[in-house]
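Please read the following alongside the sequence and the coordinates.

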Amino acid sequence: MKMMKRTPLVLAAAALLAASAALAATVTVLVQETTLRKRPQFFAPSAGTARLGQTFESEDAVEGWYKVSRGYLHHSAVTTKSVHLGSEEGVGGGASVDEITLAGKGFNAQVEKSYGAKNSGANFSAVDALERRSVGESALLSFLRAGGLLPTGAAQ
Amino acid sequence: MKRLFMIALAPAAFLAAGCAELQKMDMNKLSGGRISNNVDLTKVAKGVKALRKGVEEISESEEYYIGRAVSAQILGRYKPLNDAKINLYVQTVAQVVARTSDRPEIFKGYHVQVLDSEEVNAFAAPGGFIFVTKGLLKRLKSEDELACVLAHEVAHIAQKHGLKTIQTSRLTSAFAILGSEVAKNYTPSQLTQLTTAFEGAVDDVVNKLVVNGYSRDKEYEADHSGALYAKNASYDPGAMRSFLERVAQVESSGMSLFKTHPPAGKRMAELRAVDPSASYRRSTERERRFSAAVAL
């Protein structure tokens, strides 16, 4: 009888354990650089920077943000798929899309250089120049504040 | 009791173990003697991954390099406007609406260049590259209209419209070359074949962006998504309609403004109403800085 009473509790605990294992995920950064946020929203204060290939253990996901130990990462910057990066063996067509990004293979700088040599009309120096133009976090926040565009509760 | 506890915990234990533990399992016993324990299961798992097949399987970094080459072609045809103030202003507004899009994070971020052309047009290359002509900026009346135009371009990138114009055969050939376990650097022969496939992919996107334009469905989709991104950024999403209205008035006189876009009247007819967000409010500062920056 005593065992019968405990059974639902044990089952509930097991279900909880299974659920938390299912929610937990390893996320890998797939963009060159992204900001870890203290809260799950853009323009929330920075909690650090995460770079291409860095992995984090996530215990929860909140409206498109993965909660990791140091803060929150936006889902569009990471993958939850298992990623192997073996630089010695190389990455080929048998590799996943994400592995191609992390290994820098596929269409890459080497292919671009070869393409540029064949296409003299392509103006890569102008592309390099436009890529140097970027607005930093504090300038962007000032722009938003001044223009009445700052979301409620952001960057406090 | 102990047995019941073990049964209940089994799913959790299985989830916790994960695929990394595959090689530790006694596969000979599990398979009834059909699979030897000498087989390295991690290598088997890696070997059975299917070859990449289509546009959806272009990686983040490959999209970036395709976008760079498309941009280099556009900047080979159009002269970039050498005006730091206006380029920085347009870049800032683009970063604002990109943050509220479906794809705020992209391999190396979003970048905008104003083109020194009287043509009225805008282009979005894969990988986050956006081009707006001086002629288009002259037709805008406010920062909210600029935000809607840029958000429309961000939508093309977020929804990978440029990549979807690449012929599958080009990718198939590139992926087949990559199928032979490429080492750190490509051999000259592999590089030649990859460059040919890359060149074809870039041509496909450039022709679609600069010559033919996207399909009407993709333009209408980008209009709607752009209005939503503008709304999310607390801009007036109705500014998309007010801009198109003025373009439609000009086009009604027989003059075609957007060479690679559907007529503005048709775009207006397809544009669904999007109400401003609760945090939207008019701003004299937005009016001031728009007038100061876009004084062409």
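B:Val206 belongs to helix α9 of chain B, which covers residues 188-212. Leaving aside residues up to four places away in sequence, B:Val206 touches B:Val70 and B:Gln73. B:Pro263 is 57 residues from B:Val206 in sequence, and the C-alpha atoms of the two are 21 Å apart in space.

B:Ser242 sits in helix α11 of chain B, residues 239-251. Is B:Ser242 buried or partly exposed? It has 14 other C-beta atoms within 10 Å and is therefore partly exposed, since that class lies between the limits of 12 or fewer for exposed and 20 or more for buried. Between B:Ser242 and B:Leu140 there are 102 residues of separation along the chain, and their C-alpha atoms are separated by 9.7 Å.

**The sheet of chain B and its helices**

Chain B has an open sheet of three strands in the order β1-β3-β2, and the pairing is mixed. Its edge strands are β1 (111-115) and β2 (122-125) of chain B, each of which pairs on one side only. On average, and with direction ignored, neighbouring strands of this sheet are turned by 15° against each other. Strands of a sheet pair through backbone hydrogen bonds, in either a parallel or an antiparallel sense. For β2(B) and strand β3 of chain B (residues 129-133) the sense is antiparallel, over four bridges. Within β3(B), B:Val132 is the residue that stands opposite B:Ala122.

Helix α7 of chain B, residues 143-158, packs on the sheet and touches β2 and β3 of chain B. The direction of α7(B) makes about 30° with that of β2(B).

Helix α7(B) also has a helix as a partner, namely α5 of chain B, residues 84-99. Two packed helices are described by the angle between their axes and the distance between the axes. For α5(B) and α7(B) the angle is about 60° and the axes are 9 Å apart. The crossing of α5(B) past α7(B) is right-handed. On the α5(B) side the contact involves B:Val90, B:Val93, B:Ala94, B:Val96, B:Val97 and B:Ala98. These meet B:Glu143, B:Leu146, B:Ala147, B:Leu150, B:Ala151 and B:Val154 in α7(B). By class, the residues of this contact are 11 nonpolar, no polar and one charged.

**Chain A and its confidence**

Chain A has five helices and seven strands, which follow one another from the N terminus as α-β-β-β-β-β-β-β-α-α-α-α. Of its 156 residues, 33% are buried. Among the contacts in chain A with a separation of 6 or more, 48% come from residues 24 or more positions apart.

The mean pLDDT of chain A is 81, with 70% of its residues at 70 or more. Where in chain A is confidence lowest, and where is it highest? The lowest mean, 54, belongs to helix α1 of chain A (residues 2-23), and the highest, 97, to helix α4 of chain A (residues 124-131). Over residues 16-22 of chain A the pLDDT is below 50, and this stretch has eight contacts in the model beyond near neighbours in sequence. Residues 86-93 of chain A also stay under 50, and for them the model has 20 contacts beyond four places in sequence. Where pLDDT is low, the predicted coordinates should not be read in detail.

Terms used. Residues numbered from 1 in each chain as written. Chains lettered and ligands numbered in written order. Predicted model: local features only at pLDDT ≥ 70, side-chain atom pairs only at ≥ 80, totals over all residues. Pairing = 2+ DSSP bridges. Helix = DSSP H or I, 4+ residues; strand = E, 2+ residues; numbered from the N terminus. Axes fitted to C-alpha atoms, helices over the stretch in contact; angles between N-to-C directions. Contact = placed C-beta atoms within 7 Å. Left-handed = near helix turned anticlockwise from the far one by under 90°. Nonpolar A, V, L, I, M, F, W, Y, C, P; charged D, E, K, R; others polar. pLDDT = per-residue confidence, 0-100.
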